[in-house]
Amino acid sequence: MATRAEPLVAGHWWRVNRESMTLSPGQYWLPDSVWIERGEEQSALARRLRARLPNTPTQVTDELLAAEPHDFGAGKRRLVVQRHQGSFLHHCPAGTTGMVCCNYLVVNFASNCPFDCSYCFLQDYLSNNPATKVFTNVADGLAEIDGVLRAHPERAFRIGTGELTDSLALDHLTDLSCELVPFFAERANAVLELKTKSDCIDNLLHLDPKERVVVSWSVNAASIIAAEEAGTIPLEARLTAAARVQAAGYKVGLHFDPLIAHDDWETGYRDAIDAIFRRLETQRIAWVSLGSLRMTARLKAAIKARPQRGPLLTSELVPGPDGKERVWRGLRVKMYRQMLEWLRQVDDRMPLYICMEPAGVWEKVFGAVPADREVAQRLVAGLG
Amino acid sequence: MNTVDVQAAIRRYAGARMYGAVTTERWLRLPSPDGEALLQLATELRLGENQLRDLWDWAEEIGERDQLTLSRVLSAQPIAAVRTGHLGRNDKLKVIKAVLRRLRFPQLVAVEDRLADLVRTLQLPRNVRISLPEQLEGDQLRIEITADSVAAWRAAASALLAASDTPAGAELFALLGEAP
């Protein structure tokens with residue numbers, strides 16, 4: 001396991017890179033301040049954070065509400081260390097009525113993300129509690145997962161930590177992966193997915209996933225990454241990290257989500273696919289997902305309030321049956337089918353699926369609609 | 001009007017129409033010429049808050065895409081033509097909304113237009129009605145027959161059967177399935 005004896009140097013790349021929109025590889029996020037819930041000061045996580053952030057202002061608070069800043073941007077610069085109340089494990093909200101579901105489960109060991117993607121649903125979802133939080137009682141979460149896996153030995157679970165946060169962007173501070181990877185490596189009926197836009201992979205390189213952990217990267221056309229994913233690293237840097245984890249024994253997942261219908265999207269996404277498969281081994285790809293940009297009214301309002309906007313709001317978005325706006329269906333299908341064709345040209349055995357789409361779209365794209373649980377079973381089975 | 005007058009007029013209009021604070025504040029934050037252009041439109045068409053917001057959102061998104069100010073979008077030729085025409089208020093509102101939608105969703109509207117052409121090409125009898133899915137968010141046509149006799153029923157069924165074999169019928173479903 002990777003250990004860091006030396007304290008991290010405060011870099012605040014967050015502020016610097018809001019202008020350049022890029023993050024140099026190797027520079028990881030650091031908070032402006034740390035707030036620790038009283039009673040959790042001696043938790044392993046709090047002690048680790050204090051050791052690694054000796055120069056960051058830290059305070060212990062009795063009142064967690066007071067730790068919440070008033071704006072979303074400030075929330076991304078403040079780290080709150082607290083005990084999680086309630087259930088850790090949830091069904092992925094993509095399993096909305098009317099959508100084909102891939103039976104994905106999400107487990108939340110943190111909340112909010114240091115990156116500032118313009119399309120991110122957290123701007124809406126966490127608008128009232130935007131602080132970046134890490135939870136101290138990881139063991140409780142793992143016990144909860146263990147209970148579910150034991151209760152359903154016949155099922156194949158896919159469980160991800162990347163719903164409310166980036167799975168790895170805080171790992172240089174928390175070492176969470178050092179608890180998760182060994183835990184899942186010993187579970188026969190589950191696969192953990194760590195989903196990221198970062199290259200915080202140092203810990204992973206020293207762990208043995210035993211084919212039970214997939215490290216996934218959100219990927220996009222280079223112009224979209226530059227315009228819409230502030231604070232993240234460029235595609236090439238993500239691929240460098242992905243190639244390293246492949247070499248270390250992990251399978252890699254890829255998420256083209258959100259696909260954005262921008263000018264010359266064909267060239268942008270074709271180039272991205274070419275770049276990806278120049279660097280990665282297709283036999284070590286666990287799955288590739290495709291998902292169209294999805295927009296709630298509140299997210300749209302949040303995007304409109306941003307000082308800089310790319311092509312997000314000018315593509316032809318129309319409301320669907322679930323109330324979310326997406327690019328109109330005929331164009332979505334065209335984009336999915338084109339992406340599918342390119343990906344199958346690379347390797348027609350790569351497991352592919354689409355996210356948050358109704359059966360009719362699956363049928364047009366794949367020629368068939370999977371039965372309930374079939375997608376999850378197929379994706380997990382493919383990991384061998 | 002100067003900026004102060006525009007802001008006062010916006011407050012008066014929004015207050016009289018009982019607009020919510022969020023919309024009013026958003027309106028007041030616009031550059032003065034844009035706020036005034038929106039006020040003129042709202043006054044001409046006696047727009048309620050939701051009506052104004054619908055037109056405003058589309059106009060703003062068109063402006064963002066085409067690098068135009070809101071006032072330029074609202075005074076563009078197809079919209080100006082409707083505004084200065086002789087339609088009544090409700091018809092004007094309907095037509096302006098349609099014009100803005102056409103500008104905001106050019107690809108979608110082009111496909112809708114082509115589908116409407118194809119339906120016309122089928123030359124179905126008047127008692128057969130074909131409806132497209134709203135916003136083309138679906139791949140199914142709705143086909144309705146109204147009949148007051150067996151003969152009318154049979155004529156409609158025959159015409160539909162014949163239409164199903166035409167290239168236009170095939171193109172209809174192809175276009176509903178995927179953008180060209």
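Glu211(A) sits in the loop between strands S10 and S11 (213-218) of chain A; helices (H or I, at least four residues) and strands (E, at least two) are DSSP runs, numbered from the N terminus. The model is predicted, so to speak of local features takes pLDDT of at least 70, side-chain atom pairs count only at pLDDT 80 or more, and totals for chains, interfaces and linings use all residues. Residue numbers start from 1 along each chain as its sequence is written, while chains are lettered from A and ligands numbered from 1 in the order in which they are written.

Pro258(A) belongs to strand S13 (residues 251-259) of chain A. For context, most residues other than glycine have a negative phi, and most peptide bonds are trans.

**The eight-stranded sheet**

S10, S11 and S13 also turn up in an open sheet of eight strands in chain A, ordered S4-S5-S9-S10-S11-S13-S14-S17 with mixed pairing. Two strands pair if DSSP finds at least two bridges between them. At the edges are S4 (89-91) and S17 (352-354) of chain A, each of which pairs on one side only. From one strand to the next the twist averages 25°; angles here run from 0 to 180 degrees between N-to-C directions, and axes are lines fitted to C-alpha atoms, for helices over the stretch in contact.

Down at the S17 end, S14 (residues 285-292) and S17 of chain A run parallel and are joined by three bridges. In one of these, Val288(A) has Leu352(A) in S17(A) as its bridge partner. Helix H5 (residues 138-151) of chain A lies across S4, S5 (104-107), S9 (157-160) and S10 (190-196), running at about 55° to S4(A).

**The five-stranded sheet**

Chain A has another open sheet, this one of five strands in the order S2-S1-S3-S8-S6, again with mixed pairing. S2 (58-61) and S6 (110-111) of chain A are its edge strands with a single partner strand each, so one side of each has no neighbour in the sheet. S6(A) pairs with S8 (residues 132-135) of chain A in the antiparallel sense over two bridges, and Ser111(A) stands opposite Lys133(A) in S8(A). Helix H2 (residues 44-52) of chain A packs on this sheet, touching S1 (33-37), S2, S3 (78-82) and S8, and its direction makes about 150° with that of S3(A).

**Helix pairs**

Two packed helices are described by the angle between their axes and the distance between the axes.

| Helix pair | Axes come within | Crossing angle | Hand |
|---|---|---|---|
| H1(B) and H2(B) | 10 Å | roughly 160° | right-handed |
| H9(A) and H10(A) | 9 Å | roughly 30° | right-handed |
| H1(B) and H3(B) | 10 Å | roughly 35° | left-handed |

A crossing is left-handed if the near helix is turned anticlockwise from the far one by less than a right angle, and right-handed if clockwise. On direction, angles under 35 degrees count as roughly parallel, over 145 as roughly antiparallel, 65 to 115 as roughly perpendicular and the rest as oblique. H1(B) and H2(B) are therefore roughly antiparallel, whereas H9(A) and H10(A) are therefore roughly parallel.

Which residues meet? Residues count as in contact if their C-beta atoms, placed from the backbone, lie within 7 Å. Gln7(B), Ile10(B) and Ala14(B) of H1(B) meet Thr24(B), Trp27(B) and Leu28(B) of H2(B). That contact has four nonpolar, two polar and no charged residues, where Ala, Val, Leu, Ile, Met, Phe, Trp, Tyr, Cys and Pro count as nonpolar, Asp, Glu, Lys and Arg as charged, and the others, Gly among them, as polar.

The domain assignment, which comes from an automatic or database source, gives chain B a domain 1 (3-104) and a domain 2 (106-177).

The contact between the chains takes 15 residues from chain B and 15 residues from chain A. On the chain B side, H4 (49-66) and H8 (106-121) each supply at least two residues, and by class that side has five nonpolar, four polar and six charged residues.

Key. Contact = placed C-beta atoms within 7 Å.
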